[in-house]
Amino acid sequence: MTKQLLLGNEAIAWGAIAAGVKVATAYPGTPSTEIFSTLAAQAKHYGFHAEWCVNEKVALEVAYGSAISGARTIVTMKQVGLNVAADPLLSGTYLGVKGGLVLVVADDPGPHSSQTEQDTRRFASFAKVPVLDPSDPREAMEMVIEAFNLSEKYHLPVILRPTTRVCHVGQDVELPEINIKQASAHFEKGGDWVIFPSVSYRKHGELLESLKNLSEEFAASRFNQREGQGEYAIACSGVSYHYVKEALYRLNLIDNTEILKISTPYPFPEQLAVSYLKKHEKLLVIEEQDPVLEDAMLRLAGKNGLHVQLSGKNDAMVPGIGELNVDLVTKAIAGWSGKNTSSKTVMIKPELPIRRPILCAGCPHRASFYAIRKAAGKKSDVVFTGDIGCYTLGMMPPLSAVDTCLCMGAAITQAQGIGRAEPGRRSIAVLGDSTFFHSGIPGVINAVYNQYPLTLVIVDNSTTAMTGFQPHPGTGKTATGEAVAALDLQQVLAGCGVASIRQVDPVNLKEAEAAVKNALAYDGPAVVIMKRACVNLPEVKNEAPVVIDLEKCKNCGLCVTEIGCPALVMEAGQQPQVLESCAGCGLCVEVCPFDAIKGGER
């Protein structure tokens, strides 16, 4: 075995390869994306199939079909993606699997790049799916292999739940031996693969029995452990385990504390936890995100008549929102234990300044939102319904062209709801090309079917930019780099019944503004496709930075205040300046009323 420095996401991927994965599916979403990117890069070499799917539901359904055929299969997504995949997950857990099926669902405490801080451990309990909670990349890699074994032993899907810090931290990892010889897959007809009510009833009973057996097995799992001894008792899971260890060192409590590390939160390892509870009368539970371990401990204490004083999130000893870190955990343990002084000299880093999120210099979405806002009119009451992607930043001043953002694809359907509740109120729905394929199409069909005058702007930048430039059905490229026929947005929209479709370059402001105005005036569903590739795509060659003619410039500041491009700055009393980050898109050229800005020359 060789040792390599790997991100947690890379370690998870190599664990799957070592386990003999045959099929890998995914939809991109931070912090999970690099898991599948690593798998896709190795798919041809190790002889397994890998594909980006149009959404998480499709990804899990493809994976489930492979798993019931006997193939070891992995599907990756972020925590909100599991909401999209909930339907097949719950039904598939009842029916079970034949080959190992592992779902890697990356949680995002904070949240750093998500709509919610939801805890997949809760979801796993609701869906009755076993879940493993790794604390670092090495353990995550080992848990993937174990998850496949558990899945095949109990014929159940298994969830691996890394959090942001596990996904994106680096660690030296011993790569396991990889056996590329895989068992052949074959779907056997005649099995219980139809979720008929009578089958569901019987399978539910079998599932509960399997979970009971799993709880007993988890009590002896090598991933769960008790370590240390002393008067203090702390239970933890995931990356919190490392925070606890460092905090105890800071507080000089490392030699006087017994830690219970639980890496299998569901089904809960009751035998292990009860023996721990019987030894201690006072316990602190530290975990991200919800009080999952804490609630399980409280239930167990009551069930067994144990008088234990439990602290954690329920009594606000540990923060209930946001991401944990060593400083927060140190503060929590100090407050709980009364050890507020430390002989260890610890340099606590100052808080980083808050940086306002902003679209990149040259981003085509900036031009799209500017054209949309101009078409609607500055004093208009048109509602801008937004969606999930880079373009959510259209809400930021000075663009201020996103009024709502709920979830993937909801821009289209929310616009319809607003118009139905308030007849005559117009909306402009905005979403990206990847999001359109993910979950936008049903909303368009709904508008056509119910005869709603939808105004939709698809900002097509030819990639899934926010998560790292993954391909989608409109790019003409698969996850493994193969060239395929690209789905044409105009043809898809026409097939959905949309009669008014216009494609424009958003940087051509006059044409883009006119297209949106015409769409707003159209009596029926109308779509404008703002098509211009993302400036950060490797194949896109940006233009030279623009040049300001200082003699023509009147210092009006419109080039800065109207579009908010980070490549244009203007200090009080001075003329605007162009920074090196300018991509030469030319939007400011269109905005300047004095013809003082010109495209640069190479």
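## Aromatic pairs

Across the whole structure, five aromatic pairs are found; rings of Phe, Tyr and Trp (its six-membered ring) pair if their centres lie within 6.5 Å, and planes under 30 degrees apart count as stacked, over 60 as edge-to-face and the rest as tilted. Phe123 is buried, at a relative accessible area of 15%, whereas Phe126 is exposed, at 55%. Here buried means under 20% relative accessible area, exposed over 50%, and partly exposed in between (1.4 Å probe, protein chains only).

The model is predicted: local features need pLDDT of at least 70 and side-chain atom pairs count only at pLDDT 80 or more, while totals for chains, interfaces and linings use all residues. Residues are numbered from 1 along each chain as its sequence is written, and side-chain values use heavy atoms, with hydrogens and water left out.

## Charges over rings

Lys261 lies over the face of Tyr241, 5.4 Å from the ring centre. The charged end of Lys282 is placed over the ring of Trp336, at 5.1 Å from its centre. A charge sits over a ring if NZ of Lys or CZ of Arg is within 6 Å of the ring centre and within 35 degrees of the ring normal.

## Strand β4

Strand β4 (residues 73-78) is largely enclosed by the rest of the structure, because six of its six residues are buried. Thr73, Val75 and Met77 point one way from β4, and Ile74, Thr76 and Lys78 point the other way. Helices (H or I, at least four residues) and strands (E, at least two) are DSSP runs, numbered from the N terminus.

Strand β2 (residues 23-26) runs parallel to β4 and is joined to it by four bridges, with Ala26 partnered by Thr76. Strand β5 (residues 101-106) also pairs with β4 in the parallel sense, over six bridges, and there Thr76 stands opposite Val104. Two strands pair if DSSP finds at least two bridges between them.
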